[in-house]
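Colleague: Please display the model, and let us then discuss selected local features in turn.

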Amino acid sequence: MSPTPDDCAPGRSLAQINADIRCLFARAEGRLSDTERIRHAALLQEWATAVRASVVPAA
């Protein structure tokens with residue numbers, strides 16, 4: 001079963017998530033299986049959440 005964003009460890013850096021995405025594509029040689037697409041979608045959701053968390057509101 002692929003992890004969902006809720007299953008991911010909180011506080012992972014954008015660099016860590018990006019590294020996972022790059023590694024996924026490198027292993028798949030740019031062509032993702034259905035399972036890898038699900039993992040990629042979960043990583044993108046995690047990345048988007050991390051981006052939102054890193055935004056500092058303007059004064």
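**Contacts of an arginine**

Modeller: The side chain of Arg-12 forms a polar contact with the side chain of Glu-46 at 2.7 Å; a polar contact is a pair of N or O atoms within 3.5 Å, where within protein one must be able to donate a hydrogen and the other to accept it, and residues adjacent in sequence count only if both atoms are side-chain atoms. The model is predicted, so local features need pLDDT of at least 70 and side-chain atom pairs pLDDT 80 or more, while totals for chains, interfaces and linings use all residues. Residues are numbered from 1 along each chain as its sequence is written, and side-chain values use heavy atoms, with hydrogens and water left out.

Colleague: Is Arg-12 buried, partly exposed or exposed?

Modeller: Buried means under 20% relative accessible area, exposed over 50% and partly exposed in between (1.4 Å probe, protein chains only). Because its relative accessibility is 24%, Arg-12 counts as partly exposed.

Colleague: Which residues of H1 are buried?

Modeller: Helix H1 covers residues 14-28. On its other side, Ala-15, Arg-22, Ala-26 and Arg-27 are exposed. The buried residues are Ile-17, Ile-21, Leu-24 and Ala-28.

Definitions and conventions. Helices (H or I, at least four residues) and strands (E, at least two) are DSSP runs, numbered from the N terminus. The expected span of a helix is 1.5 Å times one less than its number of residues.
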